[in-house]
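Open the model in your viewer and switch to a cartoon view. We will go from the whole chain to single residues.

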Amino acid sequence: MVDIKKVANFLQDYGCAKLEHLQTIFEDEGNNFKSLLSTNMISKKGDIFVHNTQIIDEKKLTALDILCMFKYKLKHFYMGLEPIQITFLTKDNLVYHIIVADNENKKGITKLVNAYPLSLPKADKLILAYPDREEIDKIECQIPFIYTIYPDLQIINE
């Protein structure tokens with residue numbers, strides 16, 4: 001049984017999450033998490049749970065999609081500082097940053113990534129999510145990165 005306070009605190013920190021995110025992160029596939037709604041601090045829009053002090057953040061949802069893809073490797077994860085959505089530590093003690101770009105900031109994100117390590121905290125690998133494949137040839141990052149296109153999270157490099 002999942003501690004509902006932990007889930008509510010997670011939603012307060014991250015703002016929003018899909019039902020499948022909560023099921024994966026809290027390892028409770030059968031739970032519909034409807035008990036969260038009785039707290040009056042969390043509402044549900046479709047399959048997305050939203051803390052009442054937050055809004056639905058598509059970049060955060062994409063980052064959570066990616067985090068769930070790596071759940072089998074996770075040791076610990078936490079919120080990153082903009083533009084990093086989430087940072088996580090793997091069981092192999094590798095640090096990954098998940099960065100989600102949108103159409104408005106994708107060129108800026110590419111410049112930031114290319115300026116690594118000056119522009120971002122230290123990491124062993126970056127996971128970059130872009131809305132298209134336009135920027136992949138422009139990335140000249142010093143550390144390994146995974147380039148994925150959302151919303152279907154198609155990885156186009158390894």
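How many helices and strands does the protein chain have? There are 4 helices and 9 strands. Keep in mind that this is a predicted model.

**Whole chain.** Trace the chain along its sequence: the pattern reads α-β-α-β-β-α-β-β-β-α-β-β-β. The radius of gyration is 16 Å, close to the 15 Å that the globule rule gives for 158 residues, so the chain is as compact as a globular protein of that length. Along its principal axes, the C-alpha trace spans about 50 × 35 × 25 Å. Buried residues make up 50% of the 158 residues.

**Confidence.** Color by pLDDT. The chain averages 94, and 99% of the residues score at least 70.

**Helix 3.** Select residues 58-69. This helix has 12 residues and reaches 17 Å from its first C-alpha to its last, close to the 16 Å expected. Helix 3 is mostly covered, with 10 of its 12 residues buried. Among them are Leu61, Leu64, Ile66 and Leu67, but also Lys59, Lys60 and Asp65. Now show side chains at the start of helix 3. A side-chain oxygen of Asp57 comes to within 3.0 Å of the backbone nitrogen of Lys59.

**Asp92.** Select Asp92, in the loop between strand 5 (84-90) and strand 6 (95-100). Is Asp92 buried or exposed? Asp92 is exposed, because its relative accessible area is 59%. Asp92 and Val2 are 90 residues apart in sequence and 26 Å apart in space, C-alpha to C-alpha.

Terms used: Residues are numbered from 1 along each chain as its sequence is written. This is a predicted model: local features need pLDDT of at least 70, side-chain atom pairs count only at pLDDT 80 or more; totals for chains, interfaces and linings use all residues. Side-chain values use heavy atoms; hydrogens and water are left out. pLDDT is the predictor's confidence in each residue, from 0 to 100. Helices (H or I, at least four residues) and strands (E, at least two) are DSSP runs, numbered from the N terminus. Buried means under 20% relative accessible area, exposed over 50%, partly exposed in between (1.4 Å probe, protein chains only). The expected span of a helix is 1.5 Å times one less than its number of residues. A polar contact is a pair of N or O atoms within 3.5 Å; within protein, one must be able to donate a hydrogen and the other to accept it, and residues adjacent in sequence count only if both atoms are side-chain atoms. The radius of gyration is taken over C-alpha atoms; the globule rule is 2.2 Å times the number of residues to the power 0.38.
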